[in-house]
Amino acid sequence: MLSTILTFLQTSLVPSKRALRLRLAPLHAYMGATFILTLVITILDFFVIRPDFFIPMWLFLHGFAIFFFYLIWVALMALYVQLFTKIYSKNKWAYRQAWPYAVAMTLIPTLLLVIFYHLNPDFLTLGFIIGLGYISFPLTKVPQPKQRRAS
(Lines give C-alpha, C1' and ligand atoms only; values in the text may rest on other atoms or scores of the structure.)
Protein backbone atom coordinates (compact mmCIF):
# COMPACT_ATOMS: atom_id res chain seq x y z
CA MET A 1 0.00 0.00 0.00
CA LEU A 2 2.77 2.44 0.91
CA SER A 3 4.64 1.62 -2.31
CA THR A 4 1.52 2.45 -4.34
CA ILE A 5 1.24 5.82 -2.61
CA LEU A 6 4.92 6.55 -3.22
CA THR A 7 4.59 5.57 -6.90
CA PHE A 8 1.54 7.84 -7.15
CA LEU A 9 3.51 10.73 -5.63
CA GLN A 10 6.56 10.14 -7.86
CA THR A 11 4.47 9.98 -11.01
CA SER A 12 2.63 13.18 -10.11
CA LEU A 13 5.82 15.21 -9.68
CA VAL A 14 6.30 15.87 -13.39
CA PRO A 15 3.40 16.67 -15.72
CA SER A 16 3.93 14.22 -18.58
CA LYS A 17 2.04 11.70 -20.66
CA ARG A 18 2.87 9.08 -18.02
CA ALA A 19 0.80 11.08 -15.52
CA LEU A 20 -2.33 10.29 -17.53
CA ARG A 21 -2.21 6.74 -16.13
CA LEU A 22 -2.90 8.15 -12.67
CA ARG A 23 -6.56 8.46 -13.59
CA LEU A 24 -6.83 4.73 -12.89
CA ALA A 25 -5.10 4.89 -9.49
CA PRO A 26 -6.60 3.01 -6.54
CA LEU A 27 -8.43 4.89 -3.81
CA HIS A 28 -5.75 4.43 -1.16
CA ALA A 29 -3.11 5.96 -3.44
CA TYR A 30 -4.76 9.31 -4.01
CA MET A 31 -6.26 9.58 -0.53
CA GLY A 32 -2.87 8.74 1.00
CA ALA A 33 -1.25 11.39 -1.19
CA THR A 34 -3.90 13.88 -0.08
CA PHE A 35 -3.18 13.05 3.56
CA ILE A 36 0.58 13.50 3.03
CA LEU A 37 0.00 16.87 1.32
CA THR A 38 -2.20 17.94 4.23
CA LEU A 39 0.53 17.05 6.72
CA VAL A 40 3.22 18.88 4.73
CA ILE A 41 1.15 22.05 4.37
CA THR A 42 0.10 21.98 8.03
CA ILE A 43 3.72 21.68 9.17
CA LEU A 44 4.81 24.43 6.75
CA ASP A 45 2.03 26.71 7.99
CA PHE A 46 2.90 25.93 11.60
CA PHE A 47 6.46 27.17 11.14
CA VAL A 48 5.38 30.25 9.18
CA ILE A 49 2.35 31.27 11.27
CA ARG A 50 3.69 30.25 14.73
CA PRO A 51 0.32 30.13 16.46
CA ASP A 52 -0.19 31.16 20.12
CA PHE A 53 -3.00 28.68 20.35
CA PHE A 54 -2.91 25.26 22.04
CA ILE A 55 -0.57 23.59 19.54
CA PRO A 56 -2.11 20.09 19.26
CA MET A 57 -5.57 21.62 18.77
CA TRP A 58 -4.24 24.10 16.20
CA LEU A 59 -2.50 21.32 14.26
CA PHE A 60 -5.66 19.21 14.22
CA LEU A 61 -8.02 22.04 13.22
CA HIS A 62 -5.64 23.45 10.64
CA GLY A 63 -4.98 20.01 9.15
CA PHE A 64 -8.71 19.33 8.95
CA ALA A 65 -9.34 22.68 7.27
CA ILE A 66 -6.52 22.14 4.75
CA PHE A 67 -7.82 18.64 3.95
CA PHE A 68 -11.38 19.91 3.51
CA PHE A 69 -10.49 22.88 1.30
CA TYR A 70 -8.03 20.81 -0.72
CA LEU A 71 -10.79 18.32 -1.53
CA ILE A 72 -13.02 21.19 -2.67
CA TRP A 73 -10.15 22.45 -4.85
CA VAL A 74 -9.70 18.96 -6.32
CA ALA A 75 -13.42 18.65 -7.01
CA LEU A 76 -13.33 21.88 -9.02
CA MET A 77 -10.21 20.77 -10.88
CA ALA A 78 -11.82 17.40 -11.66
CA LEU A 79 -14.70 19.27 -13.28
CA TYR A 80 -12.14 21.32 -15.21
CA VAL A 81 -10.45 18.09 -16.35
CA GLN A 82 -13.80 16.76 -17.57
CA LEU A 83 -14.47 19.98 -19.47
CA PHE A 84 -10.97 20.04 -20.97
CA THR A 85 -11.13 16.42 -22.12
CA LYS A 86 -14.61 16.97 -23.58
CA ILE A 87 -13.44 19.97 -25.59
CA TYR A 88 -9.99 18.69 -26.53
CA SER A 89 -10.59 15.03 -27.33
CA LYS A 90 -14.39 14.94 -27.73
CA ASN A 91 -14.42 12.11 -25.19
CA LYS A 92 -15.15 13.29 -21.65
CA TRP A 93 -13.47 11.34 -18.86
CA ALA A 94 -15.76 9.90 -16.22
CA TYR A 95 -15.59 11.71 -12.89
CA ARG A 96 -14.14 8.55 -11.30
CA GLN A 97 -11.15 8.98 -13.64
CA ALA A 98 -10.92 12.77 -13.49
CA TRP A 99 -10.77 12.80 -9.67
CA PRO A 100 -7.55 10.73 -9.19
CA TYR A 101 -5.91 12.62 -12.04
CA ALA A 102 -6.93 15.96 -10.48
CA VAL A 103 -5.52 14.85 -7.11
CA ALA A 104 -2.23 13.84 -8.72
CA MET A 105 -1.83 16.97 -10.76
CA THR A 106 -2.79 19.43 -8.01
CA LEU A 107 -0.37 18.16 -5.35
CA ILE A 108 2.68 20.15 -6.47
CA PRO A 109 0.76 23.27 -7.63
CA THR A 110 -1.09 23.42 -4.30
CA LEU A 111 2.16 23.23 -2.39
CA LEU A 112 3.59 25.97 -4.63
CA LEU A 113 0.42 28.00 -4.10
CA VAL A 114 0.88 27.87 -0.31
CA ILE A 115 4.58 28.74 -0.58
CA PHE A 116 3.86 31.66 -2.94
CA TYR A 117 1.14 32.89 -0.58
CA HIS A 118 3.53 32.85 2.36
CA LEU A 119 6.18 34.69 0.35
CA ASN A 120 3.78 37.33 -0.94
CA PRO A 121 -0.03 37.08 -1.24
CA ASP A 122 0.20 38.91 -4.58
CA PHE A 123 1.78 35.76 -6.07
CA LEU A 124 -1.47 33.83 -5.57
CA THR A 125 -2.56 34.44 -9.17
CA LEU A 126 0.77 33.10 -10.42
CA GLY A 127 0.18 29.95 -8.37
CA PHE A 128 -3.25 29.43 -9.94
CA ILE A 129 -1.83 29.89 -13.45
CA ILE A 130 0.93 27.36 -12.75
CA GLY A 131 -1.70 24.97 -11.39
CA LEU A 132 -3.87 25.20 -14.50
CA GLY A 133 -0.84 24.68 -16.73
CA TYR A 134 0.30 21.73 -14.63
CA ILE A 135 -3.10 20.08 -14.99
CA SER A 136 -3.67 20.97 -18.64
CA PHE A 137 -0.33 20.06 -20.20
CA PRO A 138 -0.61 16.25 -19.84
CA LEU A 139 -4.22 16.44 -21.07
CA THR A 140 -2.94 17.73 -24.40
CA LYS A 141 -1.23 14.34 -24.79
CA VAL A 142 -4.54 12.44 -24.64
CA PRO A 143 -4.89 10.43 -27.85
CA GLN A 144 -7.32 11.98 -30.30
CA PRO A 145 -10.10 9.79 -31.69
CA LYS A 146 -9.48 9.02 -35.35
CA GLN A 147 -11.91 10.48 -37.84
CA ARG A 148 -13.75 7.93 -39.95
CA ARG A 149 -13.62 8.40 -43.66
CA ALA A 150 -16.87 8.69 -45.50
CA SER A 151 -16.85 6.29 -48.45
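**Exercise 1.** Determine which residues of α1 meet which residues of α2, and how the two helices are oriented.

*Solution.* Step 1: contact requires heavy atoms within 4.5 Å. Thr4, Ile5, Phe8 and Leu9 in α1 meet His28, Ala29, Tyr30, Gly32, Ala33 and Ile36 in α2. The model is predicted, so local features need pLDDT of at least 70 and side-chain atom pairs pLDDT 80 or more, while totals for chains, interfaces and linings use all residues. Residues are numbered from 1 along each chain, and side-chain values use heavy atoms, without hydrogens and water.

Step 1: helices are DSSP runs of H or I with at least four residues, numbered from the N terminus. Helix α1 covers residues 2-12, and α2 covers residues 27-49.

Step 2: For α1 and α2 the angle is about 70 degrees, with the axes 8 Å apart. Because 65 to 115 degrees counts as roughly perpendicular, α1 and α2 are roughly perpendicular to each other.

**Exercise 2.** Classify the accessibility of Val48 and of Ile72.

*Solution.* Step 1: buried means under 20% relative accessible area, exposed over 50%, and partly exposed in between (1.4 Å probe, protein chains only).

Step 1: Val48 lies in helix α2; Val48 is partly exposed because its relative accessibility is 43%.

Step 2: Ile72 belongs to helix α3; Ile72 is partly exposed because its relative accessibility is 38%.

**Exercise 3.** State the separation of the C-alpha atoms of Val48 and Ile115.

*Solution.* These C-alpha atoms are separated by 9.9 Å, and the two residues lie 67 residues apart along the chain.

Notes:
Axes are lines fitted to C-alpha atoms, for helices over the stretch in contact, and angles run from 0 to 180 degrees between N-to-C directions. Angles under 35 degrees count as roughly parallel, over 145 as roughly antiparallel, 65 to 115 as roughly perpendicular and the rest as oblique.
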